[in-house]
Amino acid sequence: MISSTFFKKFRRVTYSGRYIPEIDGLRFIAIFSVVMLAHLGSYIQDSVLQLPRPAGLIHTFLLEGVAGVSLFFIISGFILSLPFAENKLLNGAPVQIKKYFFRRLTRLEPLYIITLICYFLVRVFILHYAGFSQLLPHFFASLFYMHNIIYNEASAINGVTWSLEVEIQFYILMPLLAYLYYIKNRIIRRGIFVILILSGTAFSYYHQYDMADFLNKGCYFFGGMLLADLYILNKKNFSSKIYTWAGVFFLLLSFFIPGYYVSVYFTLTKIICMLLYMFFILHNNILKRCFSFAPVAILGGMCYSIYLLHDGVLGLMRHRFAKIIFSNYEWLNISLHALIATAAMLVVSGIIFLLIEKPTMRRDWYKNLFFKKPLKLQDE
């Protein structure tokens, strides 16, 4: 009962029947890849062990954690496309563009702005990373999602938000891209998506050293749009165990395919694996239940808070805490550092999620800042 009540506090707030719990399970895979493999791995390697990053399978495996960002892009493409695809392909309710953009604003901006201010103050007044006047232009560039474009580099305030700037570009373009769903012929429409995905992936590989934007990351969003098309029009039963094992196989395989810096063919294979395992997770009942498992789905539902805060927590720990030696046994020392760092990221993210992100998930939350009214909502 206690654990059930505890988990319920961290469930995301939703308002429509569109909630797909396995999507939060996929978000868990994405945030796990980015935080636990790429960033925690580099924290242990660079700050705890203070060693140069080695080549080899382990390094490749940890580096591929960055692919979690690509999975986030695919998920965004899928979620944002669904209402547009239903409108165009199933004659569903039209998407009200004003509400579409305003919801993005009220849902994402509060936590983003608050964390951006905190990062700015910590970098200037605590870490003395740079002077106030020196960092202020970077703050405003990040505030308006223009840092990638203006400085051609990740934000000097919160480096991980380079991907959020790319997502914002997709949010803006989505109402225009949705016209692809007007193509009634399924083969032609899906063929166009496949061409955009494959050509976009090749473009992404050959421009992977350029600053990220929609052009070199668009292949993942188009992948999400294709999955939305398949999802709403699917009539086939994928509940057989062969599809379960296929989903597991492609998920595991994707972690060991070096999609960056090695070969364009590997990059193409990796995105195909990602699209396949996401397709099976969305359509296979066993995989749906696995990825809807409460702790997994809840952590996935908290991914925005974890995403914005984890790098700051690790950054603070790098200064002194990482140098503490808990044991002369290297693996024990590494394990304790990893456990403490993970706990710190989850605690900080969990507190901020409850205080800021979850309240702003409520529609029209801003109307109740001073005059509280009962809100009809559903925790799922």
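Buried denotes under 20% relative accessible area, exposed over 50%, and partly exposed the range in between (1.4 Å probe, protein chains only). The model is predicted: local features require pLDDT of at least 70, side-chain atom pairs count only at pLDDT 80 or more, and totals for chains, interfaces and linings use all residues. Residues are numbered from 1 along each chain as its sequence is written, and side-chain values use heavy atoms, with hydrogens and water left out.

**View A. Salt bridges around aspartate 229.** A salt bridge places a side-chain nitrogen of Lys or Arg within 4 Å of a carboxyl oxygen of Asp or Glu. Aspartate 229 counts as buried because its relative accessibility is 0%. Aspartate 229 pairs with arginine 189, with the closest N and O atoms 2.5 Å apart. This pair links helix H10 (residues 214-233) to helix H9 (residues 186-206) across 40 residues; helices are DSSP runs of H or I with at least four residues, numbered from the N terminus. Arginine 190 also forms a salt bridge with aspartate 229, at 3.0 Å between the closest N and O atoms. Arginine 190 lies in H9 and aspartate 229 in H10, so this pair ties together parts 39 residues apart in sequence. Shared partners join Arg189, Arg190 and Asp229 into one network.

View B. The side chains of arginine 27 and aspartate 24 meet at 2.6 Å, N to O, in a salt bridge. The two residues are separated by about one helical turn, because they are three residues apart in helix H2. Arginine 27 and aspartate 24 are both buried.
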